Structure formats: structure tokens, C-alpha cells
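This briefing sets out selected features of the structure shown below.

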Amino acid sequence: MEKILICEDEENIVSFLKAELQFEGYATETAFDGTEALQKFSQTPNEYALVLLDIMLPEKNGLECLREIRKTSSIPVIILTARKEVFDKVAFLTAGADDYVTKPFDTMELIARIKRHITRASEAHPLETKLQISPEGYKAKINNQDISLTKTEFEILNYLHKNKNKVKTRQEIITAVLGDFYGESNIIDANIKNIRAKISYHTNSQIIETVRGKGYVIRED
């Protein structure tokens with residue numbers, strides 16, 4: 001599971017971003033000032049897939065943080081800023097930002113930009129991820145490592161894998177896996193969250209993709 005470092009001092013924005021990114025299947029880490037952001041990044045730089053970086057941070061501003069990050073890493077960095085002047089945007093890009101989003105931002109646009117930059121970075125430094133499913137033994141493996149799944153988790157993963165590259169709605173998954181089910185409607189979301197967490201022990205790749213407003217899909221060439 002890819003992890004995103006959110007560097008933002010407004011708690012309401014942080015809470016919102018965390019919820020949206022976790023819904024999309026990303027793990028998150030937060031920093032509320034520039035010093036904390038650089039400390040967290042320097043401790044585990046390879047743990048993050050992307051940095052969301054606010055410019056107006058306390059202690060060290062976002063531009064200072066960006067310049068420090070670029071001394072050691074080419075990780076994708078998206079700037080969050082209320083500034084709309086062209087010379088500010090040029091300064092961010094010149095300092096090494098991959099992209100910028102002005103506040104208030106559209107959530108779907110931001111998520112799309114995040115996915116695009118993470119995909120580009122992974123294509124530049126590809127790591128092969130191989131998912132193996134053995135339905136007869138209720139076994140699943142990632143890169144030859146066993147994934148410990150419950151029966152329901154396995155059935156969901158197996159169903160999505162059998163229908164790879166086809167987006168399946170929550171209701172389609174419920175019908176295929178659980179049949180006539182009258183329990184909580186978020187049971188599929190909860191199980192997929194567990195599956196992603198277990199897969200994340202063996203790979204940073206996001207095996208199950210969330211398609212907003214539609215459902216879930218496993219994409220393979």
C-alpha cells in the first residue's frame with residue numbers, strides 16, 4: 001500500500017485529505033510544520049510514494065522543505081497553495097515540484113493528479129508485483145509470499161482477480177461472494193481495507209483500485 005506524506009498545518013484539511021486518500025487505498029502520514037515534515041521524511045524516505053506539501057507551513061515553509069527534499073530524493077511532490085500568481089508557481093516548479101494545486105481544490109482533480117504522479121514514478125522505477133490465486137486451496141500469494149486471508153477476504157480477492165480489468169460494484173461483489181446478504185452495506189469496503197493492509201506487508205503496489213462512484217477493480221495487462 002502506497003503511503004503519502006501530508007504536510008499541512010490546517011487540521012480540517014488534514015482530516016479531509018486523510019479520509020479521502022484512505023478511501024482510495026493509500027496509507028497516510030501527517031506533519032503540521034516544516035521541521036516535522038523534514039524529520040519524518042528523512043527518517044524513512046523510501047516509505048513514501050508522494051508528498052503533499054503546503055507552502056505556508058510554520059517553522060520551515062514549504063519551499064524550504066521542497067529544496068531539502070530535492071537534495072536527496074526525486075519523490076513526486078505536489079504543492080498545495082493558496083497563491084495564484086504565476087511567479088509563485090514558477091518558483092515552486094523551478095525548485096523541483098512536480099505539480100501544484102491551488103486552494104480551494106477539487107478533490108477528484110487532486111486524487112487524479114496524485115495517481116498520475118505515483119504511476120509515473122513507479123513506471124520510472126518499476127517493481128514487479130505478482131498476484132497468485134489458488135481457489136481450490138483458498139490460498140493467495142504476492143511475489144510468492146502467502147497472504148493470510150479470511151474466507152470472505154479470499155472470495156472477494158478471487159472474484160476481482162477472475163474479473164480483472166472489469167470494474168465491479170459493491171453490489172456485484174456482495175452477490176457473487178455472499179449471495180443474499182442483508183447486513184451492513186459497507187462490508188465490502190471493510191474487507192477490501194483488510195485485504196489491502198495484508199497485501200501491504202509484501203508490496204507497495206496498490207493491487208485493488210478504487211473507482212470512485214463505481215466500485216473496485218484489479219488491473220493487469
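**Briefing on the predicted model**

Ile207 counts as buried, because its relative accessibility is 14%. The structure is a predicted model.

- Ile207 belongs to the loop between α8 and β9 (208-211).
- Although Ile207 and Met1 are 206 residues apart in sequence, their C-alpha atoms are 8.3 Å apart in space.
- Not counting residues up to four places away in sequence, Ile207 touches Thr129, Leu131, Ile142, Ile199, Val217, Ile218 and Arg219.
- Ile195 is part of helix α8 (residues 187-199), and with a relative accessibility of 0% it counts as buried.
- Leaving aside neighbours within four places in sequence, the contacts of Ile195 are Leu149, Glu153, Ile156, Leu157 and Ile208.
- Ile195 and Gly179 are 16 residues apart along the chain, and 20 Å separates their C-alpha atoms.

**Packing of α6 against α8**

- The axes of α6 and α8 are 10 Å apart, and the two helices pack at an angle of about 85 degrees.
- This angle falls in the range of 65 to 115 degrees that counts as roughly perpendicular, so α6 is roughly perpendicular to α8.
- On the α6 side the contact involves Thr152, Glu153, Ile156, Leu157 and Leu160, which meet Ile188, Asn191, Ile192, Asn194, Ile195 and Lys198 in α8.
- The contact of α6 with α8 comprises six nonpolar, three polar and two charged residues.

**Packing of α6 against α7**

- Helix α6 (residues 151-162) and helix α7 (residues 170-178) have axes that come within 10 Å and cross at roughly 120 degrees.
- The two helices α6 and α7 are therefore oblique to each other, and their crossing is right-handed.
- Residues Thr152, Glu155, Ile156, Tyr159 and Leu160 of α6 meet Glu172, Ile173, Ala176, Val177 and Leu178 of α7.
- By class, the residues in the contact of α6 with α7 are seven nonpolar, one polar and two charged.

**Packing of α2 against α3**

- Helix α2 (residues 34-43) packs with α3 at an angle of about 15 degrees, and their axes are 10 Å apart.
- Angles under 35 degrees count as roughly parallel, and α2 and α3 are therefore roughly parallel to each other.
- The crossing of α2 and α3 is right-handed.
- Gly34, Leu38 and Phe41 of α2 make this contact with Cys65, Glu68 and Ile69 of α3.
- The residues of the contact of α2 with α3 comprise four nonpolar, one polar and one charged.

**Cysteines**

- The number of disulfides in the structure is zero.
- For Cys7, the nearest cysteine sulfur is that of Cys65, at 6.6 Å, and Cys7 is in no disulfide.
- A disulfide is assigned to a pair of cysteine sulfur atoms within 2.5 Å.
- Cys7 counts as buried because its relative accessibility is 1%.
- Cys65 is likewise in no disulfide, and its nearest cysteine sulfur is that of Cys7.
- With a relative accessibility of 1%, Cys65 also counts as buried; Cys65 is one of the α3 residues in the contact with α2.

**Backbone geometry in loops**

- The peptide bond that joins Lys103 and Pro104 is cis, with omega at about -5 degrees.
- Pro104 is located in the loop between β5 (99-102) and α5 (107-124).
- Glu59 is a residue other than glycine with a positive phi, near 70 degrees.
- The loop between β3 (50-54) and α3 (62-70) contains Glu59, which is exposed because its relative accessible area is 62%.
- Asn165 is not a glycine either, yet its phi is positive, at about 70 degrees.
- The position of Asn165 is in the loop between α6 and α7, and its relative accessibility of 40% means that it counts as partly exposed.

Key
Residues numbered from 1 in each chain as written. Predicted model: local features only at pLDDT ≥ 70, side-chain atom pairs only at ≥ 80, totals over all residues. Heavy atoms only, no water. Axes fitted to C-alpha atoms, helices over the stretch in contact; angles between N-to-C directions. Helix = DSSP H or I, 4+ residues; strand = E, 2+ residues; numbered from the N terminus. Parallel < 35°, antiparallel > 145°, perpendicular 65-115°, else oblique. Left-handed = near helix turned anticlockwise from the far one by under 90°. Contact = heavy atoms within 4.5 Å. Nonpolar A, V, L, I, M, F, W, Y, C, P; charged D, E, K, R; others polar. Buried < 20%, exposed > 50% of the residue type's maximum accessible area, 1.4 Å probe, protein only.
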